[in-house]
Amino acid sequence: MEIINRRQRMSSVARKIRREQDKSVGLVPTMGALHEGHLSLVKEARQMCDIVVVSVFVNPTQFAPNEDFAHYPRDLTKDTALLTDYNVDYIFAPTAEEMYPKGYSTYVNVEGLSDQMEGVSRPGHFRGVPTVVTVLLNTIRPDFAFFGQKDAQQALVIKRLVKDLAFDTEIVVLPTVREDSGLAMSSRNTFLNGEEREAAKVIHRSLVKAKEAYKAGERNSGKLIELVRKTIETEPRARLDYVQVSNAENLERVEKVEDHPILITIAVFIGKTRLIDNIQMNLGAKKKDSLVKV
Ligand code: AMP
């Protein structure tokens, strides 16, 4: 395994693999501090592709001012050990200056999908994400790029980006990996103390309650939202940022769960740590191959 820090080296290595060796390349973009969620993407990439590249880059442009960019967990030594175990071929770990050299001034914006939820709560987030993914895809030109359903809005934004800008990369979205408690794995979980980790279980629990209500026949989005809100309120350490019931394909809000697959997305502060999660339902309606069952 080689660790590459330079964009130029990364693109020449990837070009060589494609042209001279005619091998397929899979990219797993991450911000490091790897956990089982990331590793599930790596495992799938390893199965599907000849060569696997994992990028480890805490992307400054996707953090809003006052967010946790400076404190975001970083441990490249541990990440490297994990990725060695998973037989990864290359780690691409550029510096911010390497990704955004002096004079950098091009940003990518995916309209519509970005203008809600994470895009509202985290101003600039969805300017930074498609921008960094564009630079990564252009540098590496992977056949496949792997993303997690944990960040459901991000996955839809990236799929739109790739379609609209005609990237020759297939986006693969994989299910959310959870702890036994149901808590979605996240690098930010390392910020939680013991009590907060207990409290954070309420996030998934609230979504499961909504899904159970749906299974029992509830179709009114307002009622499902209320149920999630009430469940979150039972936990004093939790503060709801938003909860939304949307059409899972285009994120348009829906009043009623009817003829579309549905996504309930949620963001919750546990103490100072902001965590997101989501759950899908009504997948039988106009089921699309692109949807992942979770
Ligand atoms: P991050 O390092 O948080 O930017 O995440 C990198 C990739 O891993 C993104 O595509 C995430 O959606 C994905 N990911 C993060 N957590 C999980 C999880 N618990 N299960 C599955 N994928 C995840």
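**Exercise 1. Two helices, α8 and α9**

Task: At what angle do helix α8 (residues 194-215) and helix α9 (residues 221-233) pack, and how far apart are their axes? Classify the arrangement, then describe the contact.

Solution. This is a predicted model.
- Step 1: α8 and α9 pack at an angle of about 150°. Their axes are 9 Å apart.
- Step 2: Angles over 145 degrees count as roughly antiparallel. Therefore α8 and α9 are roughly antiparallel to each other.
- Step 3: Look at the handedness. α8 passes α9 in a right-handed crossing.
- Step 4: List the contact residues. α8 supplies Val-202, Ile-203, Ser-206, Lys-209, Ala-210, Ala-213 and Tyr-214. α9 supplies Leu-224, Leu-227, Val-228, Thr-231 and Ile-232.
- Step 5: Sort them by class. The contact of α8 with α9 has 9 nonpolar, 2 polar and 1 charged residues.

**Exercise 2. Another pair, α6 and α7**

Task: At roughly what angle do the axes of α6 and helix α7 (residues 152-164) cross? Name the arrangement and sort the contact residues.

Solution. 
- Step 1: The axes of α6 and α7 cross at roughly 50° and come within 10 Å.
- Step 2: That angle makes α6 oblique to α7.
- Step 3: The crossing of α6 and α7 is right-handed.
- Step 4: On the α6 side, Phe-126, Val-129, Pro-130, Val-133, Thr-134 and Leu-137 make the contact.
- Step 5: By class, the contact of α6 with α7 holds 9 nonpolar, 3 polar and no charged residues.

**Exercise 3. The nonpolar cores**

Task: Which residues touch the most other members of the largest nonpolar core? Which helix gives this core its largest share?

Solution. 
- Step 1: The largest nonpolar core has 44 residues. Val-53, Phe-92, Met-99, Val-133, Ile-140 and Ile-158 touch the most other members.
- Step 2: Helix α6 (residues 125-140) contributes the largest share of this core, 8 residues.
- Step 3: Zoom in on Met-99. Leaving out residues up to four places away in sequence, Met-99 touches Arg-7, Phe-57, Phe-92, Pro-94, Tyr-104, Val-132, Val-135 and Leu-136.

**Exercise 4. Phe-63 in its loop**

Task: In which loop is Phe-63 found, and which residues does Phe-63 touch?

Solution. 
- Step 1: Phe-63 is in the loop between β3 (51-56) and α3 (76-85).
- Step 2: The relative accessible area of Phe-63 is 9%, so Phe-63 is buried.
- Step 3: Beyond four places in sequence, Phe-63 touches Met-31, Val-58, Asp-68, Phe-69, Tyr-72, Arg-122 and Arg-188.
- Step 4: Phe-63 and Gly-128 are 65 residues apart along the chain. Their C-alpha atoms are separated by 7.6 Å.

Note on methods. Residues numbered from 1 in each chain as written. Predicted model: local features only at pLDDT ≥ 70, side-chain atom pairs only at ≥ 80, totals over all residues. Heavy atoms only, no water. Core = buried A, V, L, I, M, F, W, Y, C linked by side-chain atoms within 4.5 Å. Buried < 20%, exposed > 50% of the residue type's maximum accessible area, 1.4 Å probe, protein only. Helix = DSSP H or I, 4+ residues; strand = E, 2+ residues; numbered from the N terminus. Contact = heavy atoms within 4.5 Å. Axes fitted to C-alpha atoms, helices over the stretch in contact; angles between N-to-C directions. Parallel < 35°, antiparallel > 145°, perpendicular 65-115°, else oblique. Left-handed = near helix turned anticlockwise from the far one by under 90°. Nonpolar A, V, L, I, M, F, W, Y, C, P; charged D, E, K, R; others polar.
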